[in-house]
Amino acid sequence: MSEETLLCASGLSLRFGTVPALLEVDAELWPGEMLAVVGESGSGKTTLLNVLSGRLRPQSGVVWYRDPEGRLADVHAMPLPALRALHRSDWGFVHQNPRDNLRMGVSAGGNVGERLMAQGSRHYGRIRAEAIAWLGQVEIDADRVDDLPRTFSGGMLQRLQIARTLVTHPRLVFMDEPTGGLDVSVQARLLDLIRGLVSRLGIAAVLVTHDLAVARLLAQRIMVMQRGRVVEAGLTDQVLDDPRHPYTQLLVSSVLQA
Amino acid sequence: MSSGYNFAYLDEQTKRMLRRAILKAVAIPGHQVPFASREMPLPYGWGTGGIQVTAAIIGPDDVLKVIDQGADDTTNAVSIRHFFARTAGVATTTRTGDATIIQTRHRVPETKLRAGQIVVFQVPQPEPLSRLEPSRAETRRMHALSEYGLMHVKLYEDITRYGHVAISYDYPVMVNFRYLMAPSPIPAFDNPRLHMMPALQLFGAGREKRIYAVPPWTDVRSLDFDDHPFRPARAPHSCGLCGATDSYLDEVVVDDCGGRLFVCSDTDHCETRRGNGMRP
């Protein structure tokens, strides 16, 4: 393990009954880097994301996280309060369906401010100002700050979720198909936004997607998964331009050309 | 005192179980302790929790006062007072100063309570986060980890929508800087009285099967924001019977022409003042 990895996983295995979801998966993530995990549905992408973020316990293997002070912590051996604190501050999770993460009965400003309040912020004016600033960052008009999320479009909901996640300046964000279910023009705008934010704020991210174009646009490195195994990993351009493994070749060749 | 019942209606083993729950609750201020709530001879919502707590702590020398929204003369208050007079043979009173145990629904007496007194609150919903987080497993975890940001989201929403926190009763409080607690549906006006109260405060929720407590001289703070401090609300009038300007008032409709009368909700307080010659 090199000195500066942010997240380092080795030998992760997890079976659901007889179905292997993860088999001896290794992964490393450096600060400020985006790692894409691609593969068909059922290949264990989301399971890997859940295991890396400590939401699911692997049957074997270990995930190390380096905190801002440089100490290594075993994510799955961490006490629950510490893990939850990590999820509230240093980490973020962007779900495919923004409704899973947002509180639909709470205004946009309240949604963005929740993580601040969970961290102990107790000044209404400052929380609100921060929320408005973040809505601006994700290109939502400031006058929508008091509107309920149910009045927002799908793309706006996803952007609101991103603002809510990034408001505490996390160092590591887990994204599960952030552009899934959106139409192509909205997707392009969202990808642009994510790329801008991630590079500006120096956030490291693990991105799960089945869309190779998304992976190529956002990620420096890529992992290709098939039936719980990592079949190929490396620099995104390298893997996608010169796929070695037959499954990767199949994946790359099955992308439709418009 | 009517025969055929054990002292204070409940059997000794039940009272023992209740006392253990109460001791645990006092030891962890604001923490909800589950207990095996019994069927009581009154419907849920009428004070089954409060009556069990009172039954567990009452002794033959105690003097009991029961109030319902401040009043000693409502059906609920009269019935519970009568119940303990019959089953425990204890003395009852309407005077706050004379009572050793005060069972109350939705009010804290206006008269300052002293050390040695016990207030028993009737609680319909002991979980302050119940409206925000439907899962009890999750709210227990939030209490365990002291994760109360969600409650502030509710306050944030109120300020955003109404310009102020629109909770007029059952206003959530932090007890001893640790547990978030529902103070039972007392008006927010009464919240400051819970802070550093010399008397012991016990809370019983019969239907929800929870007991919690605030020991004497415990820090109890109403939740607020630094720039929107907690402000208890009170009707901007004086009492129409005794002229009090600092007590919590009930609004009474007196005719069908829009006539209103504001009177002290604490009847004992109002009567004492009138006995001393106070008039509007």
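Predicted model: local features only at pLDDT ≥ 70, side-chain atom pairs only at ≥ 80, totals over all residues.
Residues are numbered from 1 along each chain as its sequence is written, and chains are lettered from A in the order in which they are written. Local features need pLDDT of at least 70, whereas totals for chains, interfaces and linings use all residues.

The whole structure contains 2 cavities of 30 Å³ or more. On a 1 Å grid over the protein atoms alone, a cavity is a set of points where a 1.4 Å probe fits but cannot get out, and lining residues have an atom within 4 Å of a point; the volume is the space filled by probe spheres set on the points, which are joined across faces, edges and corners.

The largest cavity has a volume of about 40 Å³. Its lining includes A:Val94, A:Thr165 and A:Met175, and helix 5 (154-166) and helix 6 (184-201) of chain A each supply at least two residues. Helices are DSSP runs of H or I with at least four residues, and strands are runs of E with at least two, numbered from the N terminus. This lining comprises 7 nonpolar residues, 1 polar and no charged. Ala, Val, Leu, Ile, Met, Phe, Trp, Tyr, Cys and Pro count as nonpolar, Asp, Glu, Lys and Arg as charged, and the others as polar.

The second largest cavity holds about 30 Å³. Strand 1 (7-16) and strand 2 (19-29) of chain A each contribute at least two lining residues, and the lining has 8 nonpolar residues, no polar and 1 charged.

In chain B, 9 of the 10 residues of helix 2 (residues 48-57) are buried, so this helix is largely enclosed by the rest of the structure. Buried means under 20% relative accessible area (1.4 Å probe, protein chains only). Among the buried residues are B:Thr48, B:Ile51 and B:Ala56.

Conventions
Heavy atoms only, no water. Buried < 20%, exposed > 50% of the residue type's maximum accessible area, 1.4 Å probe, protein only. 1 Å grid on protein atoms, 1.4 Å probe; cavity = no way out; pocket = protein on both sides within 12 Å on 5 of 7 lines; lining within 4 Å.
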